[in-house]
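Subject: Structure handover

Hello,

Here is the structure I promised to pass on. Please open it next to this email and follow along.

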Amino acid sequence: QVQLVESGGGSVQAGGSLRLSCTASGSVGLFAAMGWYRQAPGEQRELVARIFAGDSPNYADSVKGRFTVTRVNGQNTVYLQMNRLKPEDTAVYYCNAVELRLPGTFDYWGQGTQVTVSS
């Protein structure tokens, strides 16, 4: 059984930094894409940043220039470096991984990690 294990959430003041980590456990091939989503109370889950194998990462406009997503080459491990955090970044952050199951895909999700930014 494949699981995505996240770590690195917490509380920080505005302007601070946090780094999230996500690693897949279990038997699975290399994911086609890995990234991060977030969900604030009362809001829909939204894409924060994602990186496809062999491609450049893409970011939500709200985090461009502040967040950086990286993936370890050849491994199912992804990081999210979050700098200059703002109170509006407060949310539960979920790791996401996309597996190719032709003709479609299958999404895996982590359990979520809370990020709280105080003003």
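Asn96 counts as buried, because its relative accessibility is 0%. Keep in mind that this is a predicted model. Asn96 lies in strand β9. Its side chain makes a polar contact of 3.0 Å with the side chain of Asp107. Setting aside neighbours within four places in sequence, Asn96 is in contact with Leu4, Ala33, Met34, Gly35, Tyr37, Asp107, Tyr108 and Trp109.

Is Glu99 buried or exposed? Glu99 counts as buried, since its relative accessibility is 18% and the cut-off for buried is under 20%. Two polar contacts are worth a look on screen. One joins the side chains of Glu99 and Arg101, at 3.0 Å. Another joins the side chain of Glu99 to the side chain of Tyr108, at 3.0 Å. Not counting residues up to four places away in sequence, Glu99 touches Val28, Phe31, Gly104, Thr105, Phe106 and Tyr108.

β9 is mostly covered. Eight of its 11 residues are buried. Which strands pair with β9? Here they are, one by one.

- β4 (residues 33-39) pairs with β9 in the antiparallel sense, over seven bridges. Met34 has Ala97 of β9 as its bridge partner.
- β10 (residues 104-109) and β9 are antiparallel too, with six bridges. Here Leu100 stands opposite Thr105 of β10.
- β11 (residues 113-118) runs antiparallel to β9, and three bridges join the two. Ala91 stands opposite Val115 of β11.

β9 and β10 also form a hairpin. Two residues sit between the two strands.

**Two backbone details**

As background, most residues other than glycine have a negative phi, and most peptide bonds are trans. Two places in this model are worth checking against that.

The peptide bond from Leu102 to Pro103 is cis. Its omega is near 15 degrees. Pro103 lies in the loop between β9 and β10.

Arg84 has a positive phi, near 45 degrees, and is not a glycine. Arg84 is found in the loop between β8 (77-82) and β9.

**The four-stranded sheet**

Now to another part of the chain. Four strands form an open sheet, in the order β1-β3-β8-β7. The pairing is antiparallel. Which strands are at the edges? They are β1 (3-7) and β7 (67-71), and each pairs on one side only. From one strand to the next, the twist averages 15 degrees.

Look at the β1 end of this sheet. β1 and β3 (residues 18-25) run antiparallel and are joined by five bridges. Gln3 has Ser25 of β3 as its bridge partner. For reference, strands of a sheet pair through backbone hydrogen bonds, either parallel or antiparallel.

**The chain as a whole**

How many helices and strands does the protein chain have? It has zero helices and 11 strands. From the N terminus on, the elements run β-β-β-β-β-β-β-β-β-β-β. The radius of gyration is 14 Å, close to the 14 Å that the globule rule gives for 119 residues, so the chain is as compact as a globular protein of that length.

Some further totals for the protein chain:

- The C-alpha trace spans about 45 × 25 × 25 Å along its principal axes.
- Of the 119 residues, 41% are buried.
- The accessible surface comes to about 6400 Å². Carbon and sulfur atoms account for 47% of that surface.
- Take the contacts between residues at least 6 apart in sequence: 54% of them join residues at least 24 apart.

**Where to look**

After that, turn to the open sheet and trace its order, β1-β3-β8-β7.

Best wishes

How values were computed:
Residues numbered from 1 in each chain as written. Predicted model: local features only at pLDDT ≥ 70, side-chain atom pairs only at ≥ 80, totals over all residues. Heavy atoms only, no water. Pairing = 2+ DSSP bridges. Axes fitted to C-alpha atoms, helices over the stretch in contact; angles between N-to-C directions. Rg over C-alpha atoms; globule rule 2.2 N^0.38 Å. Buried < 20%, exposed > 50% of the residue type's maximum accessible area, 1.4 Å probe, protein only. Contact = heavy atoms within 4.5 Å. Areas by Shrake-Rupley, 256 points an atom, 1.4 Å probe, with all protein chains shown as cover. Polar contact = N/O pair within 3.5 Å; in protein donor to acceptor, adjacent residues only side chain to side chain.
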